Amino acid sequence: MPLFGKTFSPKKTPPRKCASLSNLHSLDRSTREIELGLDYGIPTMNLAGQSLKFENGQWVAESGSFTGDRREMQRLRKRNQQLEEENNLLRLKVDILLDMVSLCPTVTCPRQQKYHSFHA
């Protein structure tokens with residue numbers, strides 16, 4: 001015998017009227033392709049005056065759409081290479097300095113020496 005009287009029995013839900021309210025499932029394939037536009041083509045976009053298209057997982061500039069100068073591109077690549085080399089050199093210097101600091105004994109400043117002489 002249940003504790004509170006009746007056992008739990010949820011009401012049954014009414015059956016659905018229709019699985020889909022769209023009539024597109026009744027159209028033939030060619031009409032559906034025309035209506036839905038299943039032939040998308042290559043995605044393209046225009047960004048800052050440059051036309052790009054998506055090919056093989058990469059955004060690529062369309063031919064003839066680049067407005068920059070070839071010499072400017074070479075200069076930018078060279079500057080990028082210089083900055084990468086400088087960055088690598090600075091990282092190496094930081095690593096060397098950190099190694100030097102970790103190897104040498106700690107040098108105490110005069111204030112710390114006074115503190116240590118009072119409490120020793």
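In strand β3, Q58 is the bridge partner of E55. This is a predicted model, in which local features need pLDDT of at least 70, side-chain atom pairs count only at pLDDT 80 or more, and totals for chains, interfaces and linings use all residues. Residues are numbered from 1 along each chain as its sequence is written, and side-chain values use heavy atoms, with hydrogens and water left out.

**Sheet**

- An open sheet is built from 3 strands in the order β1-β2-β3, with antiparallel pairing. Strands are DSSP runs (E, at least two residues) and helices are DSSP runs (H or I, at least four residues), numbered from the N terminus.
- β1 (44-47) and β3 (58-61) are the edge strands; each has a single partner strand, so one side of each lacks a neighbour in the sheet.
- From one strand to the next, the twist averages 35°. Axes are lines fitted to C-alpha atoms, and angles run from 0 to 180 degrees between N-to-C directions.
- Strand β2 (residues 50-55) is joined to β3 by 4 bridges, and the two run antiparallel. Two strands pair if DSSP finds at least two bridges between them.
- β1 and β2 also pair in the antiparallel sense, over 4 bridges. M45 stands opposite L52 in β2.
- The hairpin of β1 and β2 has 2 residues between the strands, and A48 takes a positive phi near 55° there.

**Salt bridges**

- The structure holds 2 salt bridges. The criterion is a side-chain nitrogen of Lys or Arg within 4 Å of a carboxyl oxygen of Asp or Glu.
- E55 forms one with K53; their closest N and O atoms are 3.2 Å apart.
- E55 is partly exposed at 28% relative accessible area. K53 is partly exposed too, at 23%. Buried means under 20%, exposed over 50%, and partly exposed in between (1.4 Å probe, protein chains only).
- R75 forms a salt bridge with E72, with the closest N and O atoms 2.8 Å apart. R75 and E72 are 3 residues apart in helix α2, so about one helical turn separates them.
- R75 is partly exposed, with a relative accessible area of 48%. E72 is partly exposed at 35%.

**Nonpolar surface patch**

- L89, L92, I96, L97 and M100 form a nonpolar patch on the surface, with about 480 Å² of accessible area together. Areas come from the Shrake-Rupley method with a 1.4 Å probe; for residues, only the protein chains shown count as cover.
- Patch residues have over 30% relative accessible area and no salt bridge; nonpolar side chains (Val, Leu, Ile, Met, Phe, Trp, Tyr) are joined within 5 Å, like charges within 9 Å.
- L92 lies in helix α2 (residues 70-103). L92 counts as partly exposed, at 48% relative accessibility.
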